[in-house]
Amino acid sequence: MGVRGLQGFVGSTCPHICTVVNFKELAEHHRSKYPGCTPTIVVDAMCCLRYWYTPESWICGGQWREYFSALRDFVKTFTAVGIKLIFFFDGMVEQDKRDEWVKRRLKNNREISRIFHYIKSHKEQPGRNMFFIPSGLAIFTRFALKTLGQETLCSLQEADYEVASYGLQNNCLGILGEDTDYLIYDTCPYFSISELCLESLDTIMLCREKLCKSLSLSLVDLPLLACLLGNDIIPEGMFESFRYKCLSSYTSVKENFDKKGNIILAVADHISKVLHLHQGEKKLEEILPLGPNKALFYKGVASYLLPGQKSPWFLQKPKGVITLDKQVVSMCTDPESKQEISMCTHPECKQEVPVYIDLESKQEVPMCTHPESKQEVPTCAYPESKQEVPTCTHPESKQEVPMCTHPESKQEVPTCTHPESKQEVPTCTHPKSKQEVATCTHPESKQEVPMCTHPHSKQGVPMQTHFESKQGVPMCTHFESKQGVPMHIHFESKQGVPMYTYPESKQGVPMYTDPESKQGVPMCTDAELKQEAPVCTDPESKQGVPMCTHSEMKQKLPIGTYPEFNLEALMCTNPGIKQEDLMNVEPEVKQQVTMVSDPEILKVARARHVQAESYLVYNIMSTGEIECSNTLEDALDQALPSQAFVYRPVRQRVYALLLGDGRGDASSCPTVKEWFVYSGNPLRHPDLVRPLPMNIPGGTPSLKLLWLNQEPGIQARRLDTLLACFDLSSSREELQAVESPFKALCCLLIYLFVQVDTLCLEDLHAFIAQALCLQGKSTVQLVDLQLDYVDPRAVQLGSLLVRGLTTLVLVNSACGFPWRMSDFMPWNVFDGKLFHQKYLQSEKGYTVEDLVEQNKSRLTKFHNLKSIVCKACMKENRRIISRRHWHSHHSGRWGREGSGSHRTSSGRSRSGQGQHCRDQGPGSRQHEPDQWRRHSSSSGPRYRCVG
């Protein structure tokens with residue numbers, strides 16, 4: 001994470017930038033400096049997960065009671081000294097960082113393989129040096145902190161930017177994390193979580209000012225340094241040769257420093273001694289070997305600029321303003337540039353003023369200080385007022401012309417005499433005629449645009465160059481975008497109306513405002529009706545087709561389209577999203593085309609996402625792209641499927657709910673991109689997953705009904721929808737009778753045992769027994785629990801169940817929270833070590849009485865829960881049998897290539913469920929444990945669709 005090599009450099013080469021500080025003392029100082037202001041620390045929670053997870057056991061699925069207790073102690077310690085904590089979690093993986101995300105996931109796969117190899121060899125948990133955080137830790141930490149009353153936020157991009165921005169804007173005490181990017185951001189102080197001693201509240205503060213002093217750089221140079229070294233956006237290898245060139249010319253190589261340390265010193269030296277000479281005069285691509293990576297590099301530098309901040313590496317001073325000639329009469333020193341410039345006596349004021357040598361006439365021209373830019377510019381006498389005014393060289397005529405200050409941009413522009421008003425007005429060069437034309441200020445964009453005379457009103461209006469005729473045409477303001485668009489004169493009203501440009505044909509047609517949607521719709525003249533009619537874009541031909549309003553459906557359909565064939569809703573994407581201006585970029589402001597068009601619903605989803613109240617819902621609705629990190633799964637044991645495939649049907653139904661707008665027709669929904677880690681997946685491309693239809697009594701409800709309606713009967717509809725996502729509507733009554741917190745667990749167990757044929761009766765006994773026994777155990781008892789040995793299958797089963805609990809969080813969020821989130825928080829229903837103990841006991845043939853530790857109350861509940869699960873599975877023709885009868889009854893459908901299956905709600909097995917919609921492409925996966933999907937070819941498109 002962060003800048004490549006910088007963490008090691010700070011520890012070995014520049015240890016003096018690390019200062020031991022005490023949070024209690026810092027808080028007291030902050031209070032005295034800012035009375036009435038609560039000292040606040042912004043916590044990058046993703047960096048702190050390893051620090052917070054203190055339980056000794058991590059292999060069995062997570063010690064959630066212990067973990068929750070550790071979080072509570074952490075919060076209490078800071079609260080006791082009057083420090084407020086704000087926790088940020090990653091909510092999105094930015095596209096620019098996807099490659100780095102994939103690289104880390106593949107690295108984690110290799111680590112997991114070594115973990116399972118160790119377990120099989122030693123039958124025990126590996127040492128802390130092989131520690132791997134339990135599945136779902138980040139997700140459940142959000143809810144744990146909210147349970148503890150802490151302000152918890154989920155980012156709309158990578159969290160580090162929002163953490164740095166929040167810390168700067170809210171005058172925070174500092175940032176607590178473990179990411180060298182916080183040394184690059186110009187924000188509040190950065191503290192190390194790994195060096196934190198919770199008992200004393202001592203930690204290390206890493207001072208970016210001292211880092212700059214050590215490298216002879218300024219704070220504004222650090223983003224440039226970070227990108228040249230490599231970070232999460234700029235691949236490390238992109239500037240490798242450049243770094244070695246810097247190293248070869250670096251004259252102060254320290255023999256006692258490591259190679260990476262010397263490289264950082266060499267690159268910093270190159271910035272301070274070479275690049276600084278051209279700062280503001282040359283573009284970065286002129287002084288650095290950016291090549292085709294220019295846009296990415298600029299974006300990398302800009303990603304460190306917080307709101308309101310700018311980089312001097314993006315700003316350029318006017319070129320050729322001061323040109324010195326060898327024949328200098330007198331000289332003075334410019335206080336800004338520290339350079340010698342020539343002087344002359346001004347003919348009017350008789351004072352010494354700077355001069356420059358005109359490149360064309362070779363004559364000396366007086367200069368004056370521009371009132372806005374404070375820079376020296378040439379002057380001339382204005383013909384009307386006889387006063388000295390700044391001049392500039394006209395780009396076309398190459399002659400000196402007077403300048404005036406533009407009222408909006410505050411920049412100097414050439415002027416000309418307006419033919420009507422006889423006043424001096426700003427001018428610009430028409431892009432086609434290359435002639436000077438008068439300009440006016442566009443009312444919306446506030447930018448200067450050419451003027452032309454409106455053919456009917458005879459008034460001056462903004463002008464735009466038509467893309468076909470290349471001639472100037474009048475402009476008007478588009479009623480939706482408020483931007484200037486070409487004007488079309490309506491043939492009847494003779495009034496100007498906006499024009500719409502087809503992205504494919506590049507033809508312009510008039511637009512009208514739809515009275516229902518209030519949006520602009522293209523119009524064309526229908527050949528038969530001889531009237532102007534709205535049009536839609538045909539998805540095949542990409543051409544405009546006239547629309548009419550169907551008399552019964554009250555929907556606008558393409559003319560000639562039968563209603564029964566109108567299976568797919570028209571989707572509009574914005575073809576005109578322009579690349580951000582890198583000179584003024586603020587990474588958190590991005591124009592986005594979402595998967596859901598309802599702004600009210602999207603606003604609710606966004607708010608719940610930011611407040612960390614939901615999981616993945618906003619990602620699906622906004623970008624249609626989600627990811628899931630590594631899970632402790634044995635790649636060599638194909639008897640158990642990956643959690644990515646076990647819970648995929650649930651996700652597919654959630655996609656239909658979120659993207660279907662209550663229509664219940666999954667075929668009209670767009671596919672969702674899934675970046676899920678599983679064995680054999682090289683993560684070169686996402687899986688394209690189609691939504692699945694839902695079978696809900698009364699039909700699929702809309703999101704507005706599920707999310708916004710507060711009527712008493714709606715809660716039952718929410719529960720119906722949740723059960724339909726798991727395809728368990730038939731078990732509604734049985735599940736309703738189960739007490740909390742076992743209701744959600746029971747639902748999950750039914751789904752798991754229907755889905756996975758290789759789960760047996762002993763597995764069910766272990767899952768139920770551990771949940772019941774957990775209710776009567778203290779945290780200390782769980783800590784003291786000892787295992788005879790570690791079983792690799794039990795390890796994977798523990799992770800499988802926890803991933804199921806995260807899936808419940810997704811479904812519950814999407815359905816409007818029919819169940820309390822606390823019912824499927826793992827500290828209430830699951831403990832990894834306790835499950836492992838019950839699994840080993842069950843495998844050894846322990847009686848049910850022994851599994852529930854001779855507790856009669858638990859025994860009664862055990863038989864009740866087991867009965868509900870087994871009866872629900874029997875409805876799906878799934879009989880759960882003992883492993884002792886396994887080989888005579890069951891072949892283990894997940895165990896062999898070609899024999900895999902996925903059970904449906906009707907009890908039938910579906911081999912090859914969700915095959916590719918197209919053949920697999922080059923570089924496709926050579927090994928997939930997912931038995932629903934088969935290789936069909938060695939060539940073809942890259943993306944694979946899953947039905």
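Is Q63 buried or exposed? Please describe the surroundings of this residue as well, and then go on to the rest.

Modeller: This is a predicted model. Q63 counts as buried, at 0% relative accessibility. The residue sits in the loop that runs between α3 (45-52) and α4 (64-80). Apart from neighbours within four places in sequence, Q63 is in contact with Y53, P55, S57, D831, G832 and K833. For K833 there is also a polar atom of the Q63 side chain to consider, which lies 2.8 Å from the backbone nitrogen of K833.

In the whole structure, a search finds 26 aromatic pairs. One of them is made by Y51 and F74: the ring centres are 6.4 Å apart and the planes stand at 70°, so the pair is edge-to-face. Because Y51 belongs to helix α3 and F74 to helix α4, the pair ties together parts that are 23 residues apart in sequence. Y51 counts as partly exposed, at 22% relative accessibility, whereas F74 is buried, with a relative accessible area of 2%.

F68 is in helix α4 and W827 is in helix α26 (residues 826-829), 759 residues apart. F68 counts as buried, at 13% relative accessibility, and W827 is buried too, with a relative accessible area of 7%. Y51 and F74 belong to one aromatic cluster, together with F23, W52, F78, F87 and F191.

T38 lies between α2 (23-33) and β2 (40-44) and is partly exposed, with a relative accessible area of 44%. Residues up to four places away in sequence aside, T38 touches H30, G82 and K84. From T38 to I83 the separation is 45 residues in sequence, but 6.9 Å in space, C-alpha to C-alpha.

Of the 23 residues of α25, 22 are buried, so the helix is largely enclosed by the rest of the structure. At the start of α25, the backbone nitrogen of R793 has a side-chain oxygen of D791 within 2.8 Å. Just after α25, G816 has a positive phi of about 90°.

Among the strands, β28 (residues 625-628) has E625 and E627 pointing one way and I626 and C628 pointing the other way, and all are buried. Strand β28 runs parallel to β29 (residues 672-676), and 4 bridges join the two. Within this pairing, C628 is opposite F676 of β29.

The cysteines can be taken together. The structure holds 0 disulfides. For C870, the closest cysteine sulfur is that of C873, 6.6 Å away, which is too far for a bond, since a disulfide needs sulfur atoms within 2.5 Å. C60 is a buried cysteine, with a relative accessible area of 1%.

A few places remain where the backbone deserves a look. Most residues other than glycine have a negative phi, and most peptide bonds are trans. Between S740 and P741 the peptide bond is cis, with omega of about 5°. P741 is found in the loop between α21 (732-736) and α22 (742-755). S216 is not a glycine, yet its phi is positive, near 55°; this residue is in the loop between α9 (208-215) and α10 (222-229). E853, also a residue other than glycine, has a positive phi near 60°. E853 lies in the loop between α28 (848-851) and α29 (856-875) and counts as partly exposed, at 31% relative accessibility.

Terms used:
Residues are numbered from 1 along each chain as its sequence is written. This is a predicted model: local features need pLDDT of at least 70, side-chain atom pairs count only at pLDDT 80 or more; totals for chains, interfaces and linings use all residues. Side-chain values use heavy atoms; hydrogens and water are left out. Buried means under 20% relative accessible area, exposed over 50%, partly exposed in between (1.4 Å probe, protein chains only). A polar contact is a pair of N or O atoms within 3.5 Å; within protein, one must be able to donate a hydrogen and the other to accept it, and residues adjacent in sequence count only if both atoms are side-chain atoms. Contact means heavy atoms within 4.5 Å. Two strands pair if DSSP finds at least two bridges between them. Rings of Phe, Tyr and Trp (its six-membered ring) pair if their centres lie within 6.5 Å; planes under 30 degrees apart count as stacked, over 60 as edge-to-face and the rest as tilted.
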